[in-house]
Amino acid sequence: MGMSLLAWLVVGVIAGFLAKYAVPGEGPGGILGDLVIGIVGAFIGGWVFNAFGSAGVTGLNLWSILVAFVGGVVLLFIARLLSGRRATY
């Protein structure tokens with residue numbers, strides 16, 4: 001049985017918030033854009049982890065936040081590379 005949409009959103013927002021601090025610089029769309037990227041990253045992270053045989057995003061728990069965080073960091077890093085914005089330290 002899949003996760004509810006609300007749980008995906010909560011996990012994605014938490015992961016996006018954490019990913020914003022893991023990847024330096026300003027992302028496209030500011031803070032709201034980073035949170036949206038975290039939500040999309042949760043889906044991507046879940047898909048990637050499932051593809052490699054691990055459990056993806058399974059619920060509102062630490063493992064799911066970690067999976068979503070990894071997906072969010074990857075997606076945020078790619079988005080910042082494509083947007084051409086440089087990191088500010």
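Select α1, residues 5-22, to begin: this helix has 18 residues and reaches 25 Å from its first C-alpha to its last, close to the 26 Å expected at 1.5 Å a residue, the expected span being 1.5 Å times one less than the number of residues. Helices here are DSSP runs of H or I with at least four residues, strands are runs of E with at least two, and both are numbered from the N terminus. The model is predicted, so local features need pLDDT of at least 70 and side-chain atom pairs count only at pLDDT 80 or more, while totals for chains, interfaces and linings use all residues. Residues are numbered from 1 along each chain as its sequence is written, and side-chain values use heavy atoms, with hydrogens and water left out.

Stay on α1 and colour its buried residues, which are A7, W8, V11, G12, A15, G16, A19 and K20; buried means under 20% relative accessible area, exposed over 50%, and partly exposed in between, with a 1.4 Å probe and protein chains only.

Next, pick F17 and Y21, which form an edge-to-face aromatic pair at 5.2 Å centre to centre with 75° between the planes; the structure holds 1 aromatic pair. Rings of Phe, Tyr and Trp (its six-membered ring) pair if their centres lie within 6.5 Å, and planes under 30 degrees apart count as stacked, over 60 as edge-to-face and the rest as tilted. Because F17 and Y21 are 4 residues apart in helix α1, they are separated by about one helical turn. An α-helix has 3.6 residues a turn, so residues three or four places apart point the same way. F17 is partly exposed, with a relative accessible area of 46%, whereas Y21 is exposed, at 61%.

Now select W8, V11, A15, A42, I65 and A68 together, the 6 residues of the largest nonpolar core. Such a core is a set of buried Ala, Val, Leu, Ile, Met, Phe, Trp, Tyr and Cys residues joined through side-chain atoms within 4.5 Å. The elements that give two or more residues to this core are α1 and α3 (62-83), and α1 gives the most, with 3 residues. Centre the view on A15, which touches G38, I65, A68 and F69 when residues up to four places away in sequence are not counted; contact means heavy atoms within 4.5 Å.

Move to V23, in the loop between α1 and α2 (30-51), which is buried with a relative accessible area of 7%. Leaving aside neighbours within four places in sequence, V23 is in contact with V73, L76, F77 and R80. A distance drawn from V23 to L76 gives 7.2 Å, C-alpha to C-alpha, across a separation of 53 residues in sequence.

Follow that distance into α3, whose buried residues are S64, I65, V67, A68, G71, G72, L76, A79 and R80. At 1.5 Å a residue, the 22 residues of α3 should span 32 Å, and its end C-alpha atoms are 30 Å apart, which agrees.

Colouring by pLDDT, the predictor's confidence in each residue from 0 to 100, goes with a chain mean of 75, and 81% of the residues reach 70 or more. Among the elements, α2 has the lowest mean pLDDT (77) and α3 the highest (81).
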